[in-house]
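Me: I am new to this structure and would like to learn how to read it step by step. Could you take me through its features, giving the general idea before each case?

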Amino acid sequence: MAPALCAICKTGRALIKRPKNHTKLCKSCFINIFEDEVHHTITSSQLFYPGEKVAIGASGGKDSTVLASVLKTLNERHGYGLELVLLSIDEGIKGYRDDSLETVKKNAVEYDMPLLVVGYDELYGWTMDQVVETIGKKGNCTYCGVFRRQALDRGAKMLGIRHVVTGHNADDVAETVLMNLLRGDLSRLSRSTSIVTGDNKSEVKRSKPLKYSYEKEIVLYAHHKKLEYFSTECIYSPEAFRGSARTLIKQLERVRPSAILDIVRSGEDMARLVPGESASSCGGCKSKTETPVAAPEDDAGGCGSSNGRNPGGEMAAMDKQLRENEEAEGLEVDITKLVLESKNRQKEKQRDSATKNGGGNPKPTTRQVLGKCQRCGYMSSQDTCQACTLLEGLNKNRPQIQI
Ligand SMILES: [Zn+2]
Ligand SMILES: [Zn+2]
């Protein structure tokens, strides 16, 4: 049987079945269409302006590595005129972050981009290893997520940069949409669909240029472009509820490949129905030119790298298959345990929201007014920001250390 030909160029051998829609493409057409789609996302949402300095939140994982590579390519090809810098956060996780930072350092050389590494220890006086030592593994992702958000903002400020791009992909966004749907948090759901997050008062804007890119396509792109990335998952357990959402999305994708984008677009459509919120993006080019802005506390999840949130082991299997000669560890997860943890967490949440909202009423959709944290000066709607609140609790448990 003759080999199938590429659906686009009709001459190359179709080696890749696109995870997004199952079209069969040759390698170079796949790479081109992947890049073109990101370019389309960028231009249709007017993400950058010429001469803008942009920091790429770089974890060394596949998403941010592909983001850096694609942005460099598109910047040169289409003359965006961007000044690109890599910004990495060192959470202080031995055997995980120190290794992945080595990958970022190599990428910085290869892509010829400056690199700044900001550590939790220097910013907060705590490494994640110390946090986990103190509070245990449960809930550590919350600390890490809150700390990372601030660390990226602070790192950007150190660089004099007002725009941070992150490697959140379509799977991440779909996950967040689903989680907020299951929590009944429409306000947060609508904010999570925006391509741009960050508040008007925030000095640092955040965006997700890979918002419509499938995780599987990111892996394929990295493989075929021979990009070097770090693929071990975070050694601390990911948030259970997010893990369950992720498993569900991977299952849906199996029977309906478009499910991921469908969830993202449904989220965008729902966002338009929420007063005071606006979804972004092209969503199939349905208009809009405004730059939507969302509240700062919301982003796709705790873990900056989706390497750590992969209960089905599907991406790891794909990785393994692609790398062939490399040994990849299976990411088996005890589903019963996940479900139980998820239930416990939901119970906690229910109790929380019952007290906050007077018994499970829908959360208000009004925007919070932002001021500054009285302790650290970081923007916050409370007198004390989330990070300082968490630090207060941590420091009580470690009285011998003075901060
Ligand atoms: Zn082709
Ligand atoms: Zn603070």
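Reply: Let us begin with pairing between strands: two strands pair if DSSP finds at least two bridges between them. Please keep in mind throughout that this is a predicted model.

Me: Which residue in β4 is the bridge partner of K53?

Reply: The partner of K53 in β4 is E83, and V54 in turn stands opposite L84 of that strand. Taken as a whole, β3 and β4 (residues 83-90) run parallel and are joined by five bridges.

Me: How does the chain get from β3 to β4, and what is the handedness of the crossover?

Reply: The path leads from β3 through helix α2 (residues 62-78) to β4, and this β-α-β crossover is right-handed.

Me: To which other strand is β3 joined by two bridges?

Reply: That strand is β6 (residues 163-165), which runs parallel to β3, and within this pairing I56 stands opposite V165.

Me: Why is β3 described as largely enclosed by the rest of the structure?

Reply: A residue is called buried when 20 or more other C-beta atoms lie within 10 Å of its own. Strand β3 (residues 53-57) has four of its five residues in that class, and it is therefore largely enclosed by the rest of the structure. As a general point, the side chains of a regular strand alternate between the two faces of the sheet.

Me: How many residues of β4 are buried, and with which strand does β4 pair over five bridges in the parallel sense?

Reply: Seven of the eight residues of β4 are buried, so that the strand is mostly covered. Its pairing with β5 (residues 115-119) is parallel and comprises five bridges, with D90 standing opposite G119 in β5. Between these two strands the chain passes through helix α3 (residues 97-111), and this β-α-β crossover is right-handed.

Me: Where does L227 lie, and is L227 buried or partly exposed?

Reply: L227 is found in the loop between α9 (215-224) and α10 (240-255). Because L227 has 19 C-beta neighbours inside 10 Å, it counts as partly exposed.

Me: Which residues does L227 touch, leaving aside those up to four places away in sequence?

Reply: With those sequence neighbours left out, L227 touches T65, V66, S69 and A222. As for V66, it is 161 residues from L227 along the chain, yet their C-alpha atoms are separated by 7.5 Å.

Me: What is the mean pLDDT of the chain, and which helix has the lowest mean value among its elements?

Reply: The chain has a mean pLDDT of 80, and 74% of its residues reach 70 or more. Among the elements, helix α13 (residues 335-356) has the lowest mean, 48, whereas helix α1 (residues 27-44) has the highest, 98. Over residues 304-312 the pLDDT is below 50, although the model gives this stretch 37 contacts beyond near neighbours in sequence. Residues 354-366 also stay under 50, and for them the model has 13 contacts beyond four places in sequence.

Me: How many helices and strands does the chain have, and how many of its residues, as a percentage, count as buried?

Reply: The secondary structure comes to 14 helices and ten strands, and 46% of the 403 residues count as buried.

Note on methods
Residues are numbered from 1 along each chain as its sequence is written. Chains are lettered from A and ligands numbered from 1 in the order in which they are written. A residue is buried if 20 or more other C-beta atoms lie within 10 Å of its own, exposed if 12 or fewer, and partly exposed in between; C-beta atoms are placed from the backbone. A crossover is right-handed if, with the strands pointing away from the viewer, the path from the first strand over the helix to the second runs clockwise. Two residues are in contact if their C-beta atoms, placed from the backbone, lie within 7 Å. pLDDT is the predictor's confidence in each residue, from 0 to 100.
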